[in-house]
Structures are given as C-alpha cells and as structure tokens.
Amino acid sequence: MNLKQLSQRLGLSQTTVSRALNGYPEVNEATRLRVERAAAQYHYRPSTRAKGLATGKALAIGHVIPISSKHEMVNPIFGDFIAGAGETYASHGYEMILCTADDAQEEQVYRGLKARRAVDGVVVHGPRLDDSRIKLLHEIGLPFVVHGRSSGATLPYAWLDVNNRHAFQRATDFLLDLGHRRIGLINGMEFMDFAHRRRDGYTIALLERGVPVDPAIMHSSEMTEVFGYQSTRAMLALDDPPTALLCASLISALGARRAVEESGLVMGRDVSIITHDDDLSYLKNGDDIPIFTATRSSVRAAGARLAEMLLGGIADPDLAHQNVLLEAELMVGRSTGPAPRKD
C-alpha cells in the first residue's frame, strides 16, 4: 500500500497522513493515533524518498573512500565498522551511501554530496595528520564525525577514537616486563593518525625503560598479511633479530606468525607477538583463550556509537562536538612468553 491508497482509506489528505506519521505537532493526537493504527493494520511503510521530502532531509549518511585506500572496502575491519553503523542508521530510518573517490577529486565529491543534498552528514575515515577534510567540511557546512583523530587539526570537530598511544605503550611495557629488549614494530602507514600514535606509544615505553629505539626493527605500510610476513622475515634475518613483535593489525599478525613458523621457530616461545584486535565478527582471535595476546577494542561497537553521535548532531546542530576516547583492553593469549635466554 502506498501513501495515496492509505490516505484514501482514511479520508484524509496525503499531506495530513504524512505529517501524522512524521510527528508534526500541528496534527492533533486523535488523528495521529488513527493514522498510526491504519498504517500498522495495512503494513504501510513510507519510502525513504517520500519521508525525506516531508522532513526536508535526505535521510542518508555518506561514507567516502579514497581510491588509494579502496582495499578498505573489502577489509573486514571496515566491514565490521559499517555493520555497526548501518544497524544504527536503519533503526533511525536512515540509509547509507558508500562511494569511492579519486584522491584528487575527493573534495569535489564532498561538495557534490552537499550541493545535491544527497546526504545529511558524513563519516570521515582514516584521518591523516592535519587532515584537510576537516577544514573542508566546516567550510561547506556538511555535518560530520571523524572515526579517529587528526593531530594538528585546529578546528573543533566531533570524533571517536581508541587510545592508540596508551594501548601500544601498555603492550610494549608488557613485553618489557617479560624480559624482551628487542621488540619489533609492524605498524600501519604512519601518515595515518592512528599509526603515528601507536608508534609514539611504542617508543615512549622503550625510552622510559632505557631501551634504544632501532629503526631497523620498525616497519610501516598497509596492514596486510603479506606485509606482516615480509617484515617479519626481514627482521628475523638480522644479526640481532627481535624476540618479540608488536603488530598494528590482526591481519598483519597472521603474516608475522607465518614467517615465524616458516623459520622453524615457535610463536610464544622463540618469538612473542602482540597485536591490536578489533574483535572482528569473521576473523576471531581464538575462542575462550585468545590465540594472540592483543589490545582489544570492538570496531563494530565503535561504528554504532559513532553513528549515534552523528545522528545526534544532525538532529541538533547546536549540540557541542562530542569527543569519545575508548580504552583498549589487554587480553593475554598464547602468543607471548618470557624472552628466550641467550646461549
């Protein structure tokens, strides 16, 4: 049943029925209840487009992914984030628009979304240091929330982030407490804010304990399994290889484990590994006992909470920018042990 048919059954105008279903105050309570009962009886569901026309909103949230990082579209971390955010959007009657953009055209994509009124707000993914998108979105007046933070950004903005610096400082301290002094870092791309903060946490922990920072055992790139594998192989081939590794992603940790085992070594005995675990739906870190010792924070829960923040800001433009910093939990698994004794 469409709006016209429902209006005819009720003997009301389509405008009155639409306004009743959208909670407009000028519709009296008796009429509103009558319309809602009829809508339920006839299983009427207003189309998003029709509802948007009635409310003056697009009822859609945009997620723009630069082509240079389009692998994010199939990354299970991104998938879990989108699942959490999508559930929240749906519960509020919003749809989600995903699109890719050539890096050089990213600004035009945001301006186009605003000009066409295609979305009511956007989520900024993968913030970089002093990210130019924050200034742009302020300039064009498109509501947004950042998944992460941007060091160096001076304008106020809403964000939700994991305390990456503290998580990696704590993980490094854990390995130092086990006697490890050669701790390798397999990080994400360090122009990304999260990776920059994770490296800081790692180096702070080393320096506070009087352990020198060695660039030879610090690698950064896209967090793939192959990168984890190749980085570990290179570090294990050094004259003074690391006895422990700190990985920025469960995916790259799987590559590190493969390299350790191919070298005839045992994870947790010869080489300890700690990773960051986003508590993924389809890539679980073991069952009751984690495979990898990990700093854990649910990216799906983060997606849901960030979506609530954005929708709240859209509903109330005067709402103060929210800043939410989540702490990761250190989960001890089977991948860590005391530093091996040197003969």
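Modeller: First, a definition: helices are DSSP runs of H or I with at least four residues, and strands are runs of E with at least two, both numbered from the N terminus. Keep in mind that this is a predicted model.

Biologist: How many helices and strands does the secondary structure of the chain come to?

Modeller: Apply that definition along the chain. The count is 12 helices and 12 strands.

Biologist: Which domains does the assignment give, and how far apart are the C-alpha centres of domain 1 and domain 3?

Modeller: Domain 1 covers 3-46, domain 2 covers 60-162 + 299-327, and domain 3 covers 164-297. The C-alpha atoms of the chain fill a box of roughly 90 × 40 × 30 Å along the principal axes. Between the C-alpha centres of domain 1 and domain 3, the distance is 58 Å.

Biologist: What span does helix α8 reach from its first C-alpha to its last?

Modeller: Helix α8 runs over residues 164-177, which makes 14 residues. At 1.5 Å a residue, 20 Å is expected. The span in the model is close to that, at 20 Å.

Biologist: Which residues of α8 are buried?

Modeller: Buried means under 20% relative accessible area. An α-helix has 3.6 residues a turn, so residues three or four places apart point the same way. Elements that cover the buried residues of α8 include β5, β6, α9, β8, β9 and β10. The buried residues are N164, A167, F168, Q169, A171, T172, L175 and L176.

Biologist: Which residue just after α8 takes a positive phi?

Modeller: Look just past the end of the helix. A phi of about 100° is found there, and the residue is G179.

Biologist: Why does K284 count as partly exposed?

Modeller: K284 sits in the loop between β9 and β10. Partly exposed lies between the cut-offs of under 20% for buried and over 50% for exposed. K284 falls in that range because its relative accessibility is 48%.

Biologist: How far apart in space are E29 and E106, C-alpha to C-alpha?

Modeller: E29 belongs to helix α3, residues 29-41. E29 counts as partly exposed, because its relative accessibility is 44%. E29 and E106 are 77 residues apart in sequence. In space, their separation is 47 Å.

Biologist: How far apart are the centres of the positive and negative side chains?

Modeller: The chain has 38 positive and 41 negative side chains.

Note on methods: Residues numbered from 1 in each chain as written. Predicted model: local features only at pLDDT ≥ 70, side-chain atom pairs only at ≥ 80, totals over all residues. Heavy atoms only, no water. Lys, Arg positive; Asp, Glu negative; His and termini not counted. Charge placed at Lys NZ, Arg CZ, Asp CG, Glu CD. Expected span 1.5 Å × (residues − 1). Buried < 20%, exposed > 50% of the residue type's maximum accessible area, 1.4 Å probe, protein only. Contact = heavy atoms within 4.5 Å. Domains from an automatic or database assignment.
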